[in-house]
Amino acid sequence: MRYTKHFRSMLFTPATAVDRYRRCHQSSADICVVDLEDSVAAADKEIARRDAAMFFSAPSAAARRCAVRVNAVTEPDGLRDLVALLDYEVRPNIVVVPKAESARDVEIVEQVLGGGRADLEICAVIETPRGLENALSIAEASESLRALIFGAADYSFAVGARRTWECLLSARARVVNSARAANIEAVDSPVFEFADLDALRWEAPLSKDLGFSGKAAIHPGQVPVINDAFSPDADVLALAQRIVTAGKANGRAVTSVDGVMAGRPFFDAAQRLLDEFEPPAESASRSAGKGEAWA
């Protein structure tokens with residue numbers, strides 16, 4: 001898997017809420033996203049495009065992984081978004097493509113914005129019945145594609161389902177499987193009841209256990225809860241280290257670690273976990289010897 005360190009939390013901020021840009025940047029979100037799509041009224045799309053440029057050039061954006069969610073590229077506003085991004089003083093490295101329904105949606109973004117850029121990362125949102133049916137081909141559309149994101153609200157409305165964990169479990173599982181089959185990340189939909197952190201504390205671990213890499217957020221207060229849910233604790237990291245050590249000791253043959261049989265899949269998973277989450281100092285040592293709605 002092409003692991004991206006980290007993909008636990010994506011905080012979405014309306015492009016028209018310029019006064020919130022700095023707070024988004026100062027959050028602990030792994031990826032800060034300025035939104036040109038659902039959180040922006042149709043009459044405000046043009047000014048949102050202009051304002052969003054500041055999200056990337058502001059001093060508070062330095063050393064942050066910043067992204068933009070454009071409008072659907074099958075709509076005029078989506079195409080206008082892509083053209084506008086070309087004139088930004090600081091061009092976004094990460095572009096979130098909503099309502100992706102075919103590989104062509106991803107290819108359009110890559111062709112307009114790519115231009116040989118090796119740093120372009122694309123995230124496709126799976127939030128329609130057609131998008132879910134084509135999730136695997138979308139996931140395999142481009143080397144620039146880094147993640148599939150599940151859009152629970154749009155999907156549930158489109159199919160007439162209740163927006164509950166149980167009712168959308170099958171769709172979520174398909175998004176995860178498609179993403180993993182293509183060796184990319186999978187990010188779950190946000191909890192829209194942004195002030196109900198207990199609901200988020202309940203749902204985020206379920207998302208992780210299902211295979212998601214992380215979860216979207218629509219308020220800064222959600223980010224610490226998400227990061228905590230998708231980060232291993234010290235005991236989990238210690239176990240991963242024991243598994244890796246055991247594998248190295250016996251040439252990665254099947255062995256027993258803490259009373260559990262471990263083979264190659266265990267060794268690989270443990271190493272990925274350490275690569276992504278182990279503190280840099282330890283990794284180097286081993287190598288060397290409640291509030292208003294946000295969106």
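Glutamate 127 lies in the loop between β5 (121–126) and α5 (129–133), where helices (H or I, at least four residues) and strands (E, at least two) are DSSP runs numbered from the N terminus. The model is predicted, so that local features need pLDDT of at least 70 and side-chain atom pairs count only at pLDDT 80 or more, whereas totals for chains, interfaces and linings use all residues. Residues are numbered from 1 along each chain as its sequence is written, and side-chain values use heavy atoms, with hydrogens and water left out.

With a relative accessible area of 3%, glutamate 127 is buried, a term that means under 20%, while exposed means over 50% and partly exposed lies in between (1.4 Å probe, protein chains only). Not counting residues up to four places away in sequence, glutamate 127 touches Glu37, Pro98, Lys99, Gly151, Asp154 and Tyr155, contact being defined as heavy atoms within 4.5 Å. The side chain of glutamate 127 also reaches the backbone nitrogen of lysine 99 at 2.7 Å.

Aspartate 154, by comparison, is placed in helix α7 (residues 152–159) and counts as partly exposed at 25% relative accessibility. Its contacts, leaving aside neighbours within four places in sequence, are Asp38, Lys99 and Glu127.

In an unreviewed entry, UniProt places the feature "binding site" at Glu127 and Asp154; such positions are given in the numbering used here, feature names are shortened, and annotations may be inferred rather than shown by experiment.

Key:
Polar contact = N/O pair within 3.5 Å; in protein donor to acceptor, adjacent residues only side chain to side chain.
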